[in-house]
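Have the sequence and the model open as you read.

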Amino acid sequence: MMEGWQVRRCAWTRAAMLGAALLYLPTLQRSASAQDSLPVGYGTLKRDDIVVRFATDQLEIQVLPLAEQVIRLLAPDTYRSLAQLLKTKGRAVADAAQRAGVDRPTLVMVTFFGLLPQARFSPEDVNVTSRGRLFRPVGIVPLSPRWSSYQLDAHEQAVAIYLFEEGISFHEGMTVSYQGLSNDSWTGVLPTLDRERARVMARASLQPRP
């Protein structure tokens, strides 16, 4: 009789745990898909439409957010290229995030263009201010062989994926800074993103359901 009670108790425990897991699962799914609600393949924006660009006397700096809610507004070929890049560099990004102790890093692509011969750049000096908080890079995944030289010839470029702590909002104004220079042109990009987001949802709604 005691054995039967133990069997029933174990069955009840497993059922209770399964029920709790099923209740918790939608929450996890909503959290995971919150940034992925935009359909893929309906954007028309170009990279130049959303990149933050400014220059020093030696360099031009371009900053491109890699958040899904941003890059899904880009033209399909551009989106696929960036998505493939993130997939290819996924392990390196995960390793950098682990070293920094960041579970869900905010990813940004930073490009340095040399305007003069022997132009020097300092990767760690790229910072982002969002919602009144200064974010410094917690990890960098280089994409260019010359990245570690910290020097560029004229017309040469160095590109990397930057990792920042979670908290940067691309739905609001933000400021990118580098060695005393700052650029808040992202505020001017927001209306473009809002219009394109509405158009993407409209285009997707006109497609026949499978």
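In which sense do strand 2 and strand 3 pair, and over how many bridges? Strand 2 (residues 59-65) pairs with strand 3 in the antiparallel sense, over seven bridges. This is a predicted model, where local features need pLDDT of at least 70, side-chain atom pairs count only at pLDDT 80 or more, and totals for chains, interfaces and linings use all residues. Residues are numbered from 1 along each chain as its sequence is written, and side-chain values use heavy atoms, with hydrogens and water left out.

Strands here are DSSP runs of E, at least two residues, numbered from the N terminus, and two of them pair if DSSP finds at least two bridges between them. Strand 3 (residues 106-114) has another antiparallel partner in strand 9. T111 is the bridge partner of Q62 and also stands opposite V159 in strand 9. Eight of the nine residues in strand 3 are buried (under 20% relative accessible area, 1.4 Å probe, protein chains only).

| Antiparallel pair | Bridges |
|---|---|
| Strand 2 and strand 3 | seven bridges |
| Strand 3 and strand 9 (residues 157-164) | eight bridges |
| Strand 5 (residues 126-130) and strand 6 | three bridges |

Elsewhere, four strands make an open antiparallel sheet in the order 6-5-10-11. Strand 6 (133-135) and strand 11 (181-183) are at the edges with a single partner strand each, so one side of each has no neighbour in the sheet. In strand 6, R133 is the bridge partner of S130.

Now the rings: there are eight aromatic pairs (Phe, Tyr or Trp ring centres within 6.5 Å, using the six-membered ring of Trp). Y162 and F164 are stacked (planes under 30 degrees apart), at 6.3 Å centre to centre and 25° between the planes.

Methods. Buried means under 20% relative accessible area, exposed over 50%, partly exposed in between (1.4 Å probe, protein chains only). Rings of Phe, Tyr and Trp (its six-membered ring) pair if their centres lie within 6.5 Å; planes under 30 degrees apart count as stacked, over 60 as edge-to-face and the rest as tilted.
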